[in-house]
Amino acid sequence: MLAMSSVVGESYADTLTLEQCRTMALANNKAMQIARERVNSADYQKQEARAAYLPGFDLTMSYLHNQKQISLLESDQYLPTKSFNPASGEYEFNLVTGPDGNPATTPDGGVIPSQVAMIPKSAMTYDVRNVFAGAVTLTQPLYMGGKIRALNKMSDYAKDLAESQVGNEAKEVVYMVDEAYWQVVSLAAKKRLADSYIALLDTLNRNVKALVSQGLATKSDLLSVEVKQNEAQIDLTRVVNGMELSRMALAQICGLPLDSKPAVADEQGALTAASADDTSFEMSEVYSNRNDIRSLDLAVKIYEQKQNVVRAEMLPSVALVGAYSMTNPNVFNGFDKSLKGMFSIGAMVKVPLWHWGSNYNKLRQARSEAFVKRLELDEAKEKVELQVNQAAYRTAEAQKVLKSTTSNLAKADENLRQAHLGYGEGVMTLDNVMTAQTAWLKANSENIDALIDVRLCNVYLQKVKGILSYE
């Protein structure tokens with residue numbers, strides 16, 4: 001950031017105009033950079049919401065090590081067999097028969113097979129100590145209760161909200177720049193005024209010294225002038241220090257090094273009166289121009305869509321699911337120790353049944369939050385209307401004050417001229433001269449304040465009306 005500031009500083013002349021200060025502040029201000037980055041974040045969120053319409057692909061892989069093998073038999077198993085009997089036309093068990101031709105039995109009454117088929121335990125023992133599995137799945141939402149559509153609308157409103165906040169922050173930055181800029185101009189004018197006042201006192205000091213040497217004035221008169229000179233020097237020091245601090249404040253807002261202390265174009269020469277801005281307004285236009293009102297309106301829309309998101313959780317959802325799964329060992333052809341898989345496709349339906357009122361309470365909470373945002377919007381409109389009216393009255397008042405101070409300044413100039421003439425002719429005292437000089441200083445200072453106040457009132461009125469221009 002320091003490198004950027006130095007480059008920006010080098011690209012302008014030593015004396016900066018108001019527009020140059022505005023441009024640098026908008027480019028380098030930290031709040032503006034944060035606001036712009038929030039727009040980027042909102043844009044990413046918007047792209048994320050758009051992706052919810054598209055199918056999702058996932059790859060899952062796993063490995064499992066088991067301590068033991070799996071055997072389906074406890075020991076070798078012997079199964080009786082059957083042979084076809086042509087006489088009966090049926091299959092009959094092969095049994096051991098006695099001398100009487102009947103099947104021989106065991107003491108507990110069971111028959112004794114003459115032939116058996118053996119299933120060895122080892123044939124039904126499977127090595128599952130190392131199992132590998134994997135699956136590629138596809139999920140395509142078909143119906144989510146309107147949740148995806150609501151999330152997309154929310155992301156659109158969120159991006160508009162971020163862009164609106166950039167505009168609001170830009171107007172705040174421009175107003176801060178104007179305040180700092182005209183503060184430097186005001187103090188520069190007051191420094192010239194202080195220099196002029198000191199010059200008047202120096203002239204008066206020389207005149208009084210001459211009169212003292214001629215015995216026409218007292219030492220006390222000379223001390224009174226010298227006290228005024230010391231006070232004027234103190235005031236000048238304060239003005240100079242204030243001007244340096246104001247330059248540092250302007251440099252900080254513009255993103256320049258604090259030690260650059262930039263000079264501004266309007267501090268050179270006498271201040272001129274700014275033209276009065278139109279104090280009339282239509283509140284409907286003000287509301288449409290105000291970024292903060294637009295931000296609150298977008299917030300209301302976001303919370304209304306939040307209701308739809310919560311409502312969607314109470315509705316059925318349907319998704320198409322497809323997968324290709326693989327295992328090793330696999331059971332597709334016996335129990336083979338190789339990696340084989342198969343495709344599968346289906347649909348998944350989720351129907352919320354009963355959650356003890358949890359979803360319904362979420363919906364009521366979302367409705368309440370949306371209602372609060374609407375109330376905040378209405379309250380903000382009322383405050384904006386009051387703010388605009390106050391700014392209009394303040395602007396009109398600043399114009400009236402300027403006219404009064406301009407008139408007072410002309411009278412103070414004439415009063416000072418008459419006081420010097422009267423003192424030179426001996427019809428006025430030194431106190432009359434210093435009083436006239438003090439009145440002249442006050443009238444000039446008030447006129448400078450009035451000139452600056454008119455400009456700041458104009459800028460503030462443009463800001464609250466939402467028409468303050470910026471690039």
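Reader: What makes Trp356 count as exposed?

Author: Trp356 has a relative accessible area of 73%, and the cut-offs are under 20% for buried, over 50% for exposed and in between for partly exposed (1.4 Å probe, protein chains only), so Trp356 falls in the exposed class. This is a predicted model, in which local features need pLDDT of at least 70 and side-chain atom pairs count only at pLDDT 80 or more, whereas totals for chains, interfaces and linings use all residues. Residues are numbered from 1 along each chain as its sequence is written, and side-chain values use heavy atoms, with hydrogens and water left out.

Reader: Which class of accessibility does Lys261 belong to, and which does Ser260?

Author: Lys261 has 37% relative accessibility, so it counts as partly exposed; Ser260, in the loop between helix 5 and strand 10, has 35% and therefore counts as partly exposed. The side chain of Ser260 reaches the backbone oxygen of Pro257 at 2.6 Å; a polar contact is a pair of N or O atoms within 3.5 Å, where within protein one must be able to donate a hydrogen and the other to accept it, and residues adjacent in sequence count only if both atoms are side-chain atoms.

Reader: How do you know that the length of helix 4 agrees with its number of residues?

Author: The expected span of a helix is 1.5 Å times one less than its number of residues, so the 67 residues of helix 4 should span 99 Å, and its end C-alpha atoms, 97 Å apart, agree with this. Helix 4 is followed by Gly215, whose phi is positive, near 80°. For helix 5 (residues 219-254), the 36 residues should span 52 Å and the end C-alpha atoms are 52 Å apart, which agrees. Just after helix 5, Gly255 takes a positive phi of about 85°.

Reader: What makes a set of residues a nonpolar core, and how many residues does the largest one have?

Author: A nonpolar core is a set of buried Ala, Val, Leu, Ile, Met, Phe, Trp, Tyr and Cys residues joined through side-chain atoms within 4.5 Å. The largest has 78 residues, and those with the most contacts inside it are Tyr181, Leu204, Val208 and Leu250. Its largest share, 20 residues, comes from helix 4. A second, separate core has seven residues, including Met154 and Leu298.

Reader: Which residues is Val208 in contact with, beyond its neighbours within four places in sequence?

Author: With contact meaning heavy atoms within 4.5 Å, and neighbours within four places in sequence left aside, Val208 touches Ala217, Asp221, Leu222, Val225, Tyr423 and Leu430. Under the same exclusion, Gln307 is in contact with Leu363, Ala366, Arg367 and Ala370; Gln307 lies in helix 7 and, at 12% relative accessibility, counts as buried.

Reader: Why is the pair of Phe84 and Tyr91 called edge-to-face?

Author: Rings of Phe, Tyr and Trp (its six-membered ring) pair if their centres lie within 6.5 Å, with planes under 30 degrees apart counted as stacked, over 60 as edge-to-face and the rest as tilted. The rings of Phe84 and Tyr91 have centres 5.4 Å apart and planes at 65°, so the pair is edge-to-face. At 47% relative accessibility Phe84 counts as partly exposed, whereas Tyr91, at 57%, counts as exposed. Tyr181 and Trp182 form an edge-to-face pair as well, at 5.2 Å centre to centre and 85° between the planes, but here Tyr181 is buried at 0% and Trp182 is buried at 4%.

Terms used
Helices (H or I, at least four residues) and strands (E, at least two) are DSSP runs, numbered from the N terminus.
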